[in-house]
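Hi everyone, thanks for coming along. Please take a moment with the picture, and then I'll walk you through it.

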Amino acid sequence: MKTGAKILIEALQREGVDTIFGYPGGSVLPIYDELYDSSIRHILVRHEQAAAHAADGYARASGRVGVCLATSGPGACNLVTGIATAYMDSVPIVALTGQVPTGMLGNDAFQESDITGITMPITKHNYLVKDASDVGRVVREAFYIARTGRPGPVLIDLPKDISTDQVYAETPIPDSISLRGYQPTYRGHVRQIDKALDMIAQAERPLIYAGGGVIHSNGSQELVEFAERTAIPVTTTLMGLGCIPGDHPLNLGMLGMHGTQYANYAVTECDLLIGVGVRFDDRVTGKIDTFAPNATIVHIDIDPAEISKNKRVDIPIVGDVKTVLQTMLERMQKAGRTENWLNRIATWKQNHPLRYRDDDCLRPQYIIQQLSDLLRGDGIIVSEVGQNQMWTALYYCFKKPRTWITSGGLGTMGYGFPAAMGVHYARPDEPVFDIAGDGSFQMNIQELGTVAHNRIPVKVVVLNNMYLGMVRQWQELFYNRRYAYTELPPVDFVKIADAYGVDGIRVDAKDGVREALEAALEADGPFVLDFRIEREENVFPMVPAGAAINEMIGVHQP
Amino acid sequence: MKSHTLSVLVENRAGVLSRVAGMFSRRGFNIESLAVGTCEEPEMSRITIVVNGDDSQVEQVIKQANKLIDVIKVSDLTGRESVERELALIKVAAEAGTSRAEIMQIADIFRAQIVDVGSKTLVLQVAGDTGKIDALEKLLRQYGIKELVRTGKIAILRGAKTVKSAK
Ligand SMILES: Cc1ncc(C[n+]2csc(CCOP(=O)(O)OP(=O)(O)O)c2C)c(N)n1
């Protein structure tokens, strides 16, 4: 005879859960009581949003399912932004929430909120458990659904009586799961694959457009091999950075709104576009009609609903990216000839490199380059949202998959710092840096308490411009420099860190950058670096909203 | 833009209707009609949904519906040989006298049944495709329709073909 709470903890252990990020409250007291004696480590955050982001960071860095736990009502509602963030970027997390006892459901009881209703549009699936003997099966299914197919968040809502009820006969938990309404396709259709290979052999100007799906499927090695064997250049989305080394000769960097000039030109000129684990998001395509206007489009993705959602696809291949690429590598007979195309791209690269004014001022791009140089591809970089995110995406040289963790689809300010905590528990031997703006950092700055408490060695690099920089940039460019409510008064982040018992340094000049970064890296515990950067630095290149992606502003024409 | 009739086979579980209906409205579809009930498999239900949209929009929403874990299968019956039916209950003003006889005659022509007779009203029950019910409603309007209740449309393929789960 066991309680529902006990069954829950055992089921989590069976799934290999070693860490839970959570925050207690009335309806989860029985779960916390069980957790207290278990082998699972619990990290007490300072706000439930951070628990969800930490679980998400854990999942992205490891490829395993991240877990967070919150009480009913306000606790569950505080998870919502984190769940939506994970949903938009297809990240496997399981969120556990307490709920009022089953007998009180629907009565507006104290701390009741309909969290399964609230999260229906932002979860891959969710459960409201109404019988304690179901707990084991539900946990099994939830983890299976979260990590398979196109991954995503799953929520399990557990009324308090479900946790306390004694279960005499547990429903046996099946080893393998088969859900008749959920049968992901992993192998690509061979005829479609051969058709794509034919196109590749004929193409003169082919281009690979790779995204987060490559990283989720652990298919980076196959992608690079495929690119090398076919001599096809690769541009990646924000989510795909790291799937090919940043310094690989075939890599063109990021495309889209803040893409490199040469990547955006290549998309516009290519005659064959091979989308791999991507979703033709509007931040990537710009004006959709002018995106890859001359190209035949091949699209490899595990989610059939992404095929032809935004852009008509000529050759769809539904399947797991890694598996499909393996099949393509096996079946490939001849590659096309791309020398001329590669030469053309090399000229673009030479004539339109990424550039910024590298003078005596303290500029954010320089800080990112210094960090890139210091870590040399080791370590994991997390970011917040805004200019800080884009400068990092453009100027950091990512060498490996799962070393770049950022909120892409939802663009959640405040994501980075708590996500970085989760990254640390997934990959404890890697240095973890959160690149932040002063606005974003203040959205979850309370987590200084968590990193101090647990000595989590996350290093926060604040690119402090005393503005909501990215919004200010749009105001500068499109709203006549009317900086409506985007200025932030200066904050002394070193003092705040100090109040929590976290070390920090403030840097005002360029010559202090390297030393400060080294100090942070060498410190055993958490560290905050407050870089007072050029306040009105912008992110360029930039494609104005609604324009074609080859119509960039802030670029230099030779 | 045209009307599509979708037959959606789902797990018979709490909340499944709101998952399906919510997804349609979230993706910008107006549900014109919806009917749900149990079916030949005890653990499943069948939802018939009528939506308006161009073919590529409807194809997208079908794919999204298929992604719901509790959805087993979605079929678009539009343009396929199928039988479609709605049921309507219509309460018509019918003072004892001439109109009563006329209404009963109309009911007869439409093969509608009189299922309730009151001193001032009659209730007609009619089954048929949307057009037939619309036509009857139009004819009865002159007598004064006090209340009208229509079910959503249900539909089934003709012949041996079925909308079933793959397994
Ligand atoms: C939670 C949330 N609120 C608002 C926004 C809109 N937004 C996008 S970027 C940005 C400014 C970010 O400022 P900061 O964190 O200081 O970074 P910077 O752009 O200056 O690097 C804002 C407000 C958002 N992405 N997320």
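Let me start with a question: what percentage of the 167 residues in chain B is buried? The answer is 43%. Please keep in mind that this is a predicted model.

Let's stay with chain B for a bit. Chain B holds 4 helices and 9 strands, and from the N terminus on they follow the order β-α-β-β-α-β-β-α-β-β-α-β-β. Its C-alpha atoms fill a box of roughly 60 × 35 × 30 Å along the principal axes. Of the contacts in chain B with a separation of 6 or more, 72% involve residues 24 or more positions apart.

Now over to chain A. Here you can find an open sheet of 6 strands with parallel pairing, in the order E3-E2-E4-E5-E7-E6. At the edges sit strand E3 (41-44) and strand E6 (125-128) of chain A, each pairing on one side only. On average, neighbouring strands of this sheet are turned by 20° against each other, direction ignored.

Let's zoom in on one pair. In chain A, strand E5 (residues 93-99) and strand E7 (residues 154-159) run parallel and are joined by 6 bridges. For example, Leu96(A) has Ile156(A) in E7(A) as its bridge partner.

Finally, two helices. Helix H3 (residues 48-62) of chain A lies across E2, E4 and E5 of chain A, at about 170° to E4(A). Helix H7 (residues 135-147) of chain A lies across E4, E5, E6 and E7 of chain A, at about 160° to E7(A).

Conventions
Residues numbered from 1 in each chain as written. Chains lettered and ligands numbered in written order. Predicted model: local features only at pLDDT ≥ 70, side-chain atom pairs only at ≥ 80, totals over all residues. Heavy atoms only, no water. Pairing = 2+ DSSP bridges. Axes fitted to C-alpha atoms, helices over the stretch in contact; angles between N-to-C directions. Contact = heavy atoms within 4.5 Å. Buried < 20%, exposed > 50% of the residue type's maximum accessible area, 1.4 Å probe, protein only.
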